[in-house]
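The following note sets out comments on the model, arranged as numbered points. Please read them alongside the display below.

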Amino acid sequence: MSAGIDLENVCCDFGTFRAVDNANVSIRPGEFFSFLGPSGCGKTTILRMVSGFIEPTQGTIRIGGKDVKGTRPNQRPTALIFQNLALFPLMPIWENIAFGLEVRGVDKATRRRRAEELLKLVDLPDAADKMVSQLSGGQKQRVAIARALAVEPSVMLLDEPLSALDLKLRQHMRAELRAIQKRTGVTFIYITHDQGEALAMSDRVGVMSQGRIQQIADPREIYNNPVNGFVASFVGENNIFQGEIQNPSGGMARYVTPHGTFRARLGDLGGMPGKLYVRPEHTLISATPAEENSIPVTVGDVSFEGSFIAIHATSDTGAHLTAEIRNDGSATVPERGAKLYMSFAPERAAILPDANVRG
Ligand SMILES: Nc1ncnc2c1ncn2[C@@H]1O[C@H](COP(=O)(O)OP(=O)(O)OP(=O)(O)O)[C@@H](O)[C@H]1O
């Protein structure tokens with residue numbers, strides 16, 4: 001069983017401080033949905049409102065279509081997983097997993113069977129009789145997930161559950177979590193400040209800043225078509241130009257800057273000024289000027305990043321730019337001091353407002 005979650009005009013105030021400002025989102029049953037944003041943007045507050053530990057100051061939260069106002073956390077069909085797992089060290093793994101069932105009066109044989117099923121589900125079939133201290137960080141994390149799933153929640157709420165793990169394990173657990181979620185079909189709401197994590201695992205992502213949801217979309221859309229500069233910068237690198245818009249037409253515009261006049265896609269500015277954003281992997285280098293959006297530069301640092309090489313350069317007018325080329329031998333890597341041109345295709349660049357912030 002999985003349930004959808006709807007937030008309708010949800011606000012949360014702590015005294016005079018508004019931690020969550022007018023959140024609207026419909027999370028589908030069985031969806032892996034992440035809230036992504038920097039520390040303090042209100043992600044945990046949203047999770048705590050869904051789980052029932054705090055009530056919204058305004059607005060409505062529905063789980064499975066039912067308004068949950070006044071419903072206590074233990075009466076909601078949600079299970080919460082933290083970074084701090086709070087497993088019981090003196091109980092074997094299977095009893096840890098079955099603890100919630102014991103509280104509900106389920107008999108021992110059924111508890112054991114259910115624990116073993118869940119251990120298979122999280123890919124730890126031989127761990128039932130081990131103790132917590134015998135497991136690695138990632139294995140403990142999987143036990144915590146199995147324990148949360150034991151009480152058959154319709155919604156799993158995960159609060160940065162991987163942040164205590166080292167990088168390799170975290171990357172491995174991304175795939176594991178995603179696989180467990182798809183196997184169970186339970187709705188997952190995941191919060192993280194790690195954009196790689198959110199983009200890799202989620203069906204959709206809600207990017208947040210200063211209490212406001214900035215954009216809700218699938219990971220590709222978030223990366224390829226960010227709605228504002230905050231989202232563009234939070235999920236990746238950019239070359240950014242500041243200038244004036246000229247001749248907007250058909251979703252494109254000319255953009256006049258001290259570094260050149262460019263053509264780019266025009267985002268929804270909502271009356272706000274815009275800057276031009278283009279990703280380093282869409283910034284091209286050439287020995288001769290490109291037909292449009294071409295900037296003469298001098299190469300500075302050339303940094304080897306594994307799968308790609310970052311070329312940092314400064315334009316004759318003082319703009320700092322970065323282009324990335326793939327490390328597959330297909331392009332000549334320029335040297336420091338080389339004079340060349342950086343350019344970008346108009347449809348790869350967008351003029352965007354800064355962010356949707358409290359006015
Ligand atoms: N009980 C509280 N009383 C007062 N302010 C609070 C309370 N809980 C959270 N806040 C504030 O609300 C804002 C949002 O907090 P929240 O914990 O939701 O952020 P977050 O995005 O989850 O950050 P982090 O990633 O650091 O956990 C922060 O500025 C925080 O200081």
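1. Which helix gives the most to the shell around the ligand? Helix H1 does, with three residues. Helices (H or I, at least four residues) and strands (E, at least two) are DSSP runs, numbered from the N terminus.

2. Two points of basis apply throughout. This is a predicted model, in which local features need pLDDT of at least 70 and side-chain atom pairs count only at pLDDT 80 or more, while totals for chains, interfaces and linings use all residues. Residues are numbered from 1 along each chain as its sequence is written.

3. Ligand shell. The residues around the ligand include Phe 14, Phe 17, Ala 19, Gly 37 and His 193, together with Ser 39, Gly 40, Cys 41, Gly 42, Lys 43, Thr 44 and Thr 45. By class, the shell has four nonpolar, seven polar and one charged residues. Here Ala, Val, Leu, Ile, Met, Phe, Trp, Tyr, Cys and Pro count as nonpolar, Asp, Glu, Lys and Arg as charged, and the others, Gly among them, as polar.

4. Four-stranded sheet. S2 also belongs to an open sheet with the order S2-S1-S4-S5 and antiparallel pairing; two strands pair if DSSP finds at least two bridges between them. S2 and strand S5 (66-67) stand at the edges with a single partner strand each, so one side of each is left without a neighbour in the sheet. Strand S4 (residues 58-63) is joined to S5 by two bridges, and Ile 63 stands opposite Lys 66 in S5.

5. Six-stranded sheet. A second open sheet has the order S6-S7-S8-S3-S9-S10, with mixed pairing. Its edge strands are S6 (78-81) and S10 (212-217), each of which pairs on one side only. The twist averages 20 degrees from one strand to the next. Within this sheet, S3 (residues 32-36) and S8 (residues 187-192) run parallel and are joined by five bridges, with Phe 35 opposite Ile 191 in S8.

6. H2 with H3. The axes of helix H2 (residues 93-103) and helix H3 (residues 108-121) come within 9 Å and cross at roughly 125 degrees. Axes are lines fitted to C-alpha atoms, for helices over the stretch in contact, and angles run from 0 to 180 degrees between N-to-C directions. H2 and H3 are therefore oblique to each other; angles under 35 degrees count as roughly parallel, over 145 as roughly antiparallel, 65 to 115 as roughly perpendicular and the rest as oblique. Residues of the contact include Trp 94 and Ile 97 of H2 and Arg 111 and Leu 118 of H3, where contact requires C-beta atoms, placed from the backbone, within 7 Å. The contact residues divide into seven nonpolar, no polar and five charged.

7. H2 with H4. H2 and helix H4 (residues 137-150) pack at about 30 degrees, with their axes 7 Å apart, and are therefore roughly parallel. Ile 97 of H2 and Val 143 of H4 are among the contact residues, which comprise eight nonpolar, two polar and one charged.

8. H3 with H4. The axes of H3 and H4 come within 9 Å and cross at roughly 130 degrees. Arg 114, Leu 118, Leu 119 and Leu 121 in H3 meet Ala 146, Leu 149 and Ala 150 in H4. This contact has six nonpolar, no polar and one charged residues.

Conventions
Near = placed C-beta within 6 Å. Contact = placed C-beta atoms within 7 Å.
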